[in-house]
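Have a look at the chain first, then read on.

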Amino acid sequence: MQDVLTHTADGVMTLTLNRVEKKNSFTQAMYSTCADALLQASTDAAVHVVVIQGHATVFSAGNDIGDFLAKPPKEEDAPVFRFMRGLATFPKPLVAAVCGPAVGIGTTLLFHCDLIYAGDNAAFSMPFVNLGLCAEAGSSLLAPQLLGYHRAAEALLLGEPFMAEAALEVGLVNRIVPPTEANAVAHAQALKLAAKPLPSLVETKRLMKKGQTEQLLAHINEEAQSFGRLLQAPHASEAFTAFMEKRKPDFSKI
Ligand code: COA
């Protein structure tokens, strides 16, 4: 089975994260598939809308930690960075269905989506600091804008999860639905968008984001440099070793 399923019909391209046994954690190959799909979707006239979805029990556990440590992304065109830039610059509507854990990039990718439907089991978290790392995918810019500074600080500095209700309250998600219905609801909304005039959708999205994209791309680059530097440091090494050994990290001796 492929780890990301891509399906296009009726103007909607659907990307389904399909690595449930590893909680849909992203490998480099999955980033690559998603980045390529977004690139194709951005120019393919048959695609009006892209939906990103997971499983009713899990959206994504973030980076696959083993894969990530084996091949830390360094070059600007590493799949993870291509995916982030693809999200940040995607010209057509992006819809997401999120259920269960949405960790790391599982949450930060949502900041780039236009419509988000969450299962009532959705749990969003950005535990980068707990891993000795820092925010990525533009989240240190977008989280304060979308959640408000203090909620963003709680989420990014403490790394504490927040649930679907809190996400709805701040406007991060459009609607909370039963987990088994989230993908269908997102698809139904995507079909409504797909039936609308594409140039109007593209132009309206461009106008809503006007002036932000360059700053966002620069921010993503700066985060990537900091992330790369922190990844080489002892705190990250302890955090990742602890994850592999299924224990809590101990930063007290560093
Ligand atoms: N990278 C690699 N493997 C991961 C993973 C990740 N980010 N997240 C989960 N997995 C794997 C587990 O190692 C486990 O594999 P195994 O069955 O071979 O032991 C399997 O997926 C199931 O995960 P498990 O932790 O048992 O599921 P859970 O339901 O108890 O918890 C999460 C789900 C998402 C809360 C938990 O897996 C988690 O916190 N994952 C790490 C999240 C993270 O720190 N991501 C990095 C962000 S940058």
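**Strands and their neighbours**

Phe 124 has Phe 162 as its bridge partner in β8. This is a predicted model, where local features need pLDDT of at least 70, side-chain atom pairs count only at pLDDT 80 or more, and totals for chains, interfaces and linings use all residues. Residues are numbered from 1 along each chain as its sequence is written, and side-chain values use heavy atoms, with hydrogens and water left out. Strands here are DSSP runs (E, at least two residues), numbered from the N terminus, and two of them pair if DSSP finds at least two bridges between them.

**The open sheet**

- β5, β7 and β8 make up an open three-stranded sheet, in the order β5-β7-β8, with mixed pairing.
- β5 (101-103) and β8 (162-163) sit at the edges with a single partner strand each, so one side of each has no neighbour in the sheet.
- β7 (residues 123-125) pairs with β8 in the antiparallel sense, over two bridges.

**Around β4**

- β4 pairs in the parallel sense with β3 (residues 49-53), over four bridges.
- Val 95 in β4 stands opposite Val 51.
- β4 also runs parallel to β6 (residues 115-119), with four bridges joining the two.
- On that side, Val 95 stands opposite Leu 115 in β6.

**Burial of β4**

- β4 (residues 94-98) is mostly covered, with five of its five residues buried (under 20% relative accessible area, 1.4 Å probe, protein chains only).
- Leu 94, Ala 96 and Val 98 point one way from β4, while Val 95 and Ala 97 point the other way.

Technical notes
Buried means under 20% relative accessible area, exposed over 50%, partly exposed in between (1.4 Å probe, protein chains only).
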